[in-house]
Amino acid sequence: MTEHISHLLLAFAAGAGIGAFYFGGLWWTVRRLATDDHPARLTLLSLLVRTGLSLGAFYVVMGGEWERLMAALLGVMVIRLLMVRRLRPD
C-alpha cells in the first residue's frame, strides 16, 4: 500500500514537471510571437513539440495504470493554476 502511494506521489511530481514544461513552453512561445519573423510557424512547432513530448511523458509515467495517469494530470492542473496566478497581468 505504501509503495502504491509513493508511486502516485511520483506520478504527481512527474505531472507537475510535464505541466511546467508544457505551460512554460507556451509562455515562452507567446512572448516571442511579436518579434519572430514567422509567428505561425513558431506557434505550430511549439504546439507540436510541447504536445508530443508531453504525451510521451504521460505514457511513460502512466506505466499501464490509470491511477498514475490521474495523479500526473492532477500535477499538471496544479501547475497550470499556479502559473496562471503567477503570470496574470496586474
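The model is predicted, so to speak of local features a pLDDT of at least 70 is needed, side-chain atom pairs count only at pLDDT 80 or more, and totals for chains, interfaces and linings use all residues. Residues are numbered from 1 along each chain as its sequence is written, and side-chain values use heavy atoms, with hydrogens and water left out.

**Overall build**
- The chain has three helices and zero strands, where a helix is a DSSP run (H or I) of at least four residues and a strand (E) one of at least two.
- About 55 × 30 × 10 Å is the span of the C-alpha trace along its principal axes.
- Of the 90 residues, 23% are buried, meaning under 20% relative accessible area with a 1.4 Å probe and protein chains only, while exposed means over 50% and partly exposed lies in between.

**Confidence**
- The mean pLDDT, the predictor's confidence in each residue from 0 to 100, is 95 for the chain, and 100% of the residues score at least 70.

- T29 sits in helix 1, which covers residues 2–32, and it is buried because its relative accessible area is 4%.
- Leaving aside residues up to four places away in sequence, T29 touches L42, T43 and S46, a contact being heavy atoms within 4.5 Å.
- V60 belongs to helix 2 and counts as exposed because its relative accessibility is 64%.
- From C-alpha to C-alpha, V60 is 9.9 Å from A11, although 49 residues separate them in sequence.
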